[in-house]
Amino acid sequence: MKNCFYLVFLLIGLTLSAQNNLAPKPYGVVPSERQLQWHELERYCFLHFTVNTFTDLEWGLGGEKESVFNPTNFDADQIVSTIARNGFKGAVLTCKHHDGFCLWPSKFTEHSVKNSSWQNGKGDVVKAISEACKRHGIKFGIYLSPWDRNSALYGKPEYITYYRNQLRELLTNYGEIFEVWLDGANGGDGYYGGAKEKREVNRVTYYDWPNTWKIIRELQPKASIFSDIGPDIRWCGNESGYVQDSCWAAYTAHGPHGEKPGIGNTLGQEGETGTLNGEAWIPAEADVSIRPGWFYHPNEDSQVRDLNSLKEIYFKSVGNGASWILNLPPDRTGQINPNDVKALDKLQDYLDQSFKNNLLQGAKASASETRGNSRQFAPSKVLDNDKNSYWTVNDNTTTASLTFQLEAPVPFNCMEIKEVIRLGQRVCSFTIEIEKGGKWEQVFKGSTIGHKKLAKFNDVTASKVRVNFENSLAAPLIESVKLYKVL
């Protein structure tokens, strides 16, 4: 009996060993665990809210009186529930914008809610939003502007200590943070404690970002850090909410004139594409506002993006492998304006209706090749809804195809494809074809895939569809393929 058990365990061990030997090795740079978790979010919201909301400015000057900040009916649950029920997975709050006003009672400045009229100085917007995020099951993130037009210390070495002290407050007092958002607006005219002068800084060296990032890693190890140089997430290079069809998660930042890159000092257009075989995995985040401005302005109530605009952004951001951060600026009541809510509701209804029915359910999958002829990498794996299984080919194969036979002809116009990004991004170009009259007809030609590709094309009707991976840096690894008739 002991010998039988021994043989069983030996066979299991040999099988697992064979599977491990057959598994493909990673190609190029790969994402960290925190980045993999971030990729899964796909879309979340920005909340621009500060004294600017009440002064009708986009960039506060720094000398605004604290009493200006006074929302008449602040409701964190209205804000966060609006985000959550519309499918967005997180909220990033402008805890301090360039004006220096803090939405929490910071110990290190008087320019904060503790000296405002709102709630007699006892309020804390950061606490309220972070706790509402917990209640509604979404992630909470922070924005802490590197530029501070109020602080008398700005431009001096002492300001870096001040900034890091405020960062520590936010990272230790408000629960788990999923993203720390940093931008490149640095230096210029400001109040600066009453000096009312222009102060310039060296964007590359002044902030000593590597040591600031260490604080984030220590206090919030799961948090991804965003800026136009990473280290976890990069700026998409525009504020219109899109990346290019060819969009690599790998990225090598460059300065505008060949100098060392820094936050606020990069070639923005490279953010739209990433870098073929780039030096680090720093995927793109597409930022855009639901209104013309980033803060609430009453005269923009009639200029909220319509459904067609939001649909286009979704397909050009999430549909090109990036994430989408949509700005929803609370109005002067301290809630998301009804016009913005209506726009979001229409978008979510569109997404629910368009992506509820995967037409490849029940289809049969075949492939030009299967790695080692093993069932472990069979083409059916792209249809099994298991994120840990996938189809792939042998190591030296960089051109391959997947074919799907549907039960009957159906109309469709969109294919979703996902790569196994934990092992690197590989596909450079692909096409989609349908069988028509016994011949294959191309309906789409695309470039990269990455975390997710939404290939949208004109309506067609067919029972057989094929994806050709025409060029890949290494053997293509495909996690899933789905087919839809989007509205």
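Let me start with a convention: two strands are said to pair if DSSP finds at least two bridges between them, and strands themselves are DSSP runs of E with at least two residues, helices being runs of H or I with at least four, all numbered from the N terminus. What we have here is a predicted model, in which local features need pLDDT of at least 70 and side-chain atom pairs count only at pLDDT 80 or more, while totals for chains, interfaces and linings use all residues. Residues are numbered from 1 along each chain as its sequence is written, and side-chain values use heavy atoms, with hydrogens and water left out.

On confidence, pLDDT being the predictor's own score for each residue from 0 to 100, the protein chain averages 95, and 96% of the residues reach at least 70. Over residues 7-19, however, the pLDDT is below 50, and beyond near neighbours in sequence this stretch has 1 contact in the model, a contact being heavy atoms within 4.5 Å. Where pLDDT is low, the predicted coordinates should not be read in detail.

Now to strand β15, residues 400-419. Of its 20 residues, 14 are buried, so the strand is largely enclosed by the rest of the structure; buried here means under 20% relative accessible area, with exposed over 50% and partly exposed in between, using a 1.4 Å probe and protein chains only. Strand β13, residues 364-367, pairs with β15 in the antiparallel sense over 4 bridges, and alanine 367 has leucine 402 as its bridge partner there.

Turning to aromatic pairs, which require ring centres of Phe, Tyr or Trp (its six-membered ring) within 6.5 Å, with planes under 30 degrees apart called stacked, over 60 edge-to-face and the rest tilted, the structure holds 32 of them. For tyrosine 154 and tyrosine 206 the centres are 6.0 Å apart and the planes at 70 degrees, so this pair is edge-to-face. Both tyrosine 154 and tyrosine 206 are buried. The rings of phenylalanine 412 and phenylalanine 457 have centres 6.2 Å apart and planes at 90 degrees, so that pair is edge-to-face as well. Because phenylalanine 412 lies in β15 and phenylalanine 457 in β18, the pair ties together parts that are 45 residues apart in sequence.
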